[in-house]
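Keep the picture in view as you read.

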Amino acid sequence: RIFVSSPLRAITPALRESNVALAKKLCEAVLKAGHAPFAAHVFYQDAVGDGWRDLGREWLRMADEVWVYAENFEACSAGMKSEIEFANNLNLPPRV
């Protein structure tokens with residue numbers, strides 16, 4: 001069970017859609033690697049608005065790994081940094 005952490009927030013709707021498309025491609029890559037992916041911002045954001053973050057944290061509690069898609073921690077969005085900190089509190093170190 002791989003929690004996929006990638007950017008969502010964007011300055012334009014087109015860039016936001018690009019970020020969602022990226023997350024979907026990342027989930028496909030996780031599947032091809034033989035794992036079960038989960039990206040809260042892809043699965044929940046349209047259904048529950050900002051509540052997707054809380055639902056994502058519930059899933060993160062069950063994850064085996066967190067895969068972060070950024071060059072380094074400084075390049076992560078605020079939401080990604082929050083996910084990483086939450087994962088660290090669960091003793092679940094992220095893979096960047």
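The radius of gyration is taken over C-alpha atoms, and the globule rule is 2.2 Å times the number of residues to the power 0.38. With 96 residues, a compact globule would come near 12 Å; the protein chain has 12 Å, so the two agree. Its C-alpha atoms fill a box of roughly 35 × 30 × 25 Å along the principal axes.

This is a predicted model: local features need pLDDT of at least 70, side-chain atom pairs count only at pLDDT 80 or more, and totals for chains, interfaces and linings use all residues. Residues are numbered from 1 along each chain as its sequence is written, and side-chain values use heavy atoms, with hydrogens and water left out.

Now follow the chain. The protein chain has 5 helices and 4 strands (DSSP runs numbered from the N terminus: helices are H or I with at least four residues, strands E with at least two). From the N terminus, the order is β-α-β-α-α-α-β-α-β.

Next, the rings. The structure holds 3 aromatic pairs (rings of Phe, Tyr and Trp, its six-membered ring, with centres within 6.5 Å; planes under 30 degrees apart are stacked, over 60 edge-to-face, the rest tilted). Phe 3 and Phe 38 have ring centres 6.4 Å apart and planes at 40°, so this pair is tilted. Phe 3 lies in strand 1 and Phe 38 in strand 2, so the pair ties together parts 35 residues apart in sequence.

Phe 3 also forms a tilted pair with Trp 59, at 6.3 Å and 35°. Trp 59 sits in helix 4, 56 residues from Phe 3. Phe 3, Phe 38 and Trp 59 form one aromatic cluster.
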